[in-house]
Amino acid sequence: MASEKGSTLVWPFGACEQHGPHLPLITDTFFAENILIKTLDSLPEEMPIWMMPTQAIGFSPEHQSFPGTLSLSADVLIAMVTDLGKQIASMGFKRLIFFNAHGGQIGLLQAVSRQLRIQCPSLAVLPCFLWSGVPGLDELLPEKEVEEGLHAALAETSLMLHMSKDLVRNESYLDKNISIEKTIPIPKGWSLEGSSPCAWLTEDLSSSGVIGDSSSSNPELGDALENALINHWKSLFISLLESDWPPVKSENPVFPS
Ligand SMILES: [Zn+2]
């Protein structure tokens, strides 16, 4: 299978971290794994793409002061990904996609992907974030959720209510008091994420662990979000599988590992 033209592995990448009083520690892991399974199921059978075992613990230092969070250090995570990436490349796979559902490790996976690309020139590495670049999300979610709904808020809560209602505790997401509570405002011109980010810790923003507002969450929205996510990733996977990416490179790494 590794020797097939365009052979592609997808590594679902989650986290084990607090998600407020109402969502489970495995929220990101659950989304990475289950959206990926449904996306792969929607592809034509013969496509050379396979799923790796799910990474259930990631890089979550911003949530570490909340009980239940387990986080690997950046060094350990980079070493683990590099080790396995090299093995995957030496087996002959042509592409590795990180299917990541935790916003706090986007930058880390992008950095390790660039390093792997140098160390294993024959392996394309594509560090994706589940919620990034998905058409239609802006229409489904209020502007405030898009800007401030970073964690356990409307989108994640609605998606979980749709995909696995039993994992949502009681109805506590309806409590307005668990919404974002900035103790002091972010300096003018700076942002939580995006153009001028603050590298916040959760306790800078919220005592409940929720960053955003989960109070109007509902399974109908979750259903629409799930469709948007699956359609988007299905089309991106097909476009990659039909392409010749990556260009053939010399096998001599620029920087020896
Ligand atoms: Zn999450």
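**The sheet and core of a predicted model**

User: What makes β3 (residues 95–100) and β4 paired strands, and in which direction do they run?

Analyst: Six bridges join β3 to β4, and since a pair requires at least two bridges found by DSSP, the two strands count as paired; they run parallel. Strands here are DSSP runs of E with at least two residues and helices are runs of H or I with at least four, both numbered from the N terminus. Among the bridges, Asn 100 is partnered by Phe 129 of β4, and Phe 99 by Cys 128 of β4. This is a predicted model, in which local features need pLDDT of at least 70 and side-chain atom pairs count only at pLDDT 80 or more, while totals for chains, interfaces and linings use all residues. Residues are numbered from 1 along each chain as its sequence is written.

User: Why is the crossover from β3 to β4 called right-handed?

Analyst: The chain passes from β3 through helix α3 (residues 106–119) to β4, and the term applies because, with the strands pointing away from the viewer, the path from the first strand over the helix to the second runs clockwise.

User: What is the order of the strands in the open sheet, and why do β2 and β4 count as its edges?

Analyst: The four strands are arranged as β2-β1-β3-β4, with parallel pairing. β2 (49–51) and β4 (124–129) each have a single partner strand, so one side of each lacks a neighbour in the sheet. Inside this order, β1 (residues 8–13) is joined to β2 by three bridges, with Val 10 opposite Met 51, and to β3 by six, with Pro 12 partnered by Phe 99.

User: Why is β3 described as largely enclosed?

Analyst: Six of its six residues are buried, so the rest of the structure largely encloses β3; buried means that 20 or more other C-beta atoms, placed from the backbone, lie within 10 Å of a residue's own. Arg 95, Ile 97 and Phe 99 point one way from the strand, whereas Leu 96, Phe 98 and Asn 100 point the other way.

User: What makes up the largest nonpolar core, and which residues have the most contacts inside it?

Analyst: The core has 49 residues, a set of buried Ala, Val, Leu, Ile, Met, Phe, Trp, Tyr and Cys joined through C-beta atoms within 7 Å. Trp 11, Ala 32, Leu 96, Phe 99 and Leu 123 have the most contacts inside the core. Elements that each supply at least two core residues include β1, β3, α1 (27–41) and α8 (219–241).

How values were computed:
A residue is buried if 20 or more other C-beta atoms lie within 10 Å of its own, exposed if 12 or fewer, and partly exposed in between; C-beta atoms are placed from the backbone.
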